[in-house]
Amino acid sequence: MTRLFTTQYIFLATFLTGIIAGALVSAQNCNCAPDLCCSKHGYCGSDNDYCGEGCQGGPCYNAAPSGGNNGVSVADIVTDDFFNGITNQATGNCDGKNFYTRSAFLEALKSYSAFGTSGSGDDSKREIAAFFAHATHETGYFCHKEETDGRNNNYCESKPEYPCNPNVAYFGRGPLQLTWNYNYINAGKNNEFDGLNNPDIVASDAVVSFKTALWYWKVNVQSVTNQGFGATIRAINSIECNGRRPDAVNSRVSLYNSYCSKFGVAPGDNLGC
């Protein structure tokens, strides 16, 4: 009797382990059970690694402000005058100057309807101002599609779930300069392109380029927008914080303040990091 019980127990434990493991693997597509979080890297679970920073869905900790339907029209805020006012400041022979367009941004926005539409109307304006402040800084007023001298860096952190293609490099591309193989792979899964083998599409298709930036914002930044602009700097490039790159932080903050002024909204507190 004891042996039978033990055998049944072992079978049950093995069966449950298989179910849990299967859930973790299947979550690469974010098809998690309602009580599980979809992690930053696309796996299901319930602790801080899954529900903490970068959580994409489920009962996430520090979730972005609820809503996504506050009635704000992002297109009415990001006008032609606003967008062109940024790109017109790009200097020199810029490969991105005629690449990034307002129409491409608005087309990409259709896949990320929660962007700029959560919280109050002022919250929406601050989030939009923050996004464009970072994009302006990262690209030099939408001047660059790729990281300067980026092709000299591979940015490969190979893991079983995140391989690297040795024939391509995962340096910064797009409005928020998407970097690292795992980000390209996950951005590709969420936006229907092959991030592993074709990261260059982020610098050749303007709609995809904006989609990857909005994806990164949703996964890594949106949940901290209510903590002040400084928290968004830390979420995008923490290496600049704690006095290590005051010039870069000041540039981002200056742009953010300028865009908030254009939108007629106070920038809020906690601007630096």
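Colleague: Buried means under 20% relative accessible area. With that in hand, which residues of helix 9 are buried?

Modeller: In helix 9, the buried residues are F229, G230, A231, T232, I233, A235 and I236. That is 7 of the 9 residues in the helix, which runs over residues 229–237 and is mostly covered.

Colleague: What covers them?

Modeller: The cover over the buried residues of helix 9 includes helix 6, helix 8 and helix 10.

Colleague: Let me step back. What kind of model is this?

Modeller: This is a predicted model. The protein chain has an average pLDDT of 85, and 81% of the residues score at least 70.

Colleague: Where is the pLDDT below 50?

Modeller: One such stretch is residues 1–29, which has 15 contacts in the model beyond near neighbours in sequence. Residues 62–67 are also below 50 in pLDDT, and that stretch has 13 contacts beyond near neighbours in sequence.

Colleague: How should I read coordinates where pLDDT is low?

Modeller: Not in detail, where the pLDDT is low.

Colleague: Fine. How many helices and strands does the chain have?

Modeller: The protein chain has 10 helices and 2 strands. Along the sequence the pattern reads α-β-β-α-α-α-α-α-α-α-α-α.

Colleague: How much of the chain is buried?

Modeller: Of the 273 residues in the protein chain, 44% are buried. As for contacts with a separation of 6 or more, 61% of them join residues 24 or more positions apart.

Colleague: Which residue does UniProt list for "active site"?

Modeller: The UniProt entry, which is unreviewed, lists E138 under that name. In the model, E138 lies in helix 6.

Colleague: Why does E138 count as buried?

Modeller: E138 counts as buried because its relative accessibility is 18%, and the cut-off is under 20%.

Colleague: And what does E138 touch?

Modeller: Leaving out residues up to four places away in sequence, E138 touches P175, L176, Q177, I236 and R252. With R252 there is also a polar contact between the side chains, at 2.7 Å.

Colleague: Tell me about R252. Which helix is it in, and is it buried or exposed?

Modeller: R252 sits in helix 10. At 0% relative accessibility, R252 is buried. Among the residues R252 touches are H134, H137, E138, F229, I233 and I236. F229, I233 and I236 are among the buried residues of helix 9.

Colleague: What is the phi of Q177?

Modeller: Near 50°, a positive value in a residue other than glycine. Most residues other than glycine have a negative phi.

Colleague: What about the phi of N270?

Modeller: The phi of N270 is near 55°, also a positive value in a residue other than glycine. N270 lies in the segment after helix 10. N270 counts as exposed because its relative accessibility is 54%, and the cut-off for exposed is over 50%.

Colleague: New topic. How many aromatic pairs does the structure hold?

Modeller: There are 25 aromatic pairs. One of them is F131 and W217, an edge-to-face pair with 5.5 Å centre to centre and 80° between the planes.

Colleague: Which parts of the chain does that pair link?

Modeller: Distant ones: F131 is in helix 6, W217 is in helix 8, and the two residues are 86 apart. F131 and W217 are both buried.

Colleague: And which charges lie over ring faces?

Modeller: K145 lies over the face of F99, at 4.9 Å from the ring centre. R173 lies over the face of F171, at 3.8 Å from the ring centre.

Colleague: Last one, I128. What does I128 touch?

Modeller: I128 touches V74, I77, V78, F115, G116 and F263, not counting residues up to four places away in sequence. The C-alpha atoms of I128 and F115 are separated by 7.9 Å, and the two residues are 13 apart along the chain. I128 lies in helix 6, and at 0% relative accessibility I128 counts as buried.

Technical notes
Residues numbered from 1 in each chain as written. Heavy atoms only, no water. Phe/Tyr/Trp six-rings, centres within 6.5 Å; stacked < 30°, edge-to-face > 60°. Helix = DSSP H or I, 4+ residues; strand = E, 2+ residues; numbered from the N terminus. Buried < 20%, exposed > 50% of the residue type's maximum accessible area, 1.4 Å probe, protein only. Lys NZ or Arg CZ within 6 Å of the ring centre and 35° of its normal. pLDDT = per-residue confidence, 0-100. Contact = heavy atoms within 4.5 Å. UniProt positions renumbered as here; feature names shortened; annotations may be inferred. Polar contact = N/O pair within 3.5 Å; in protein donor to acceptor, adjacent residues only side chain to side chain.
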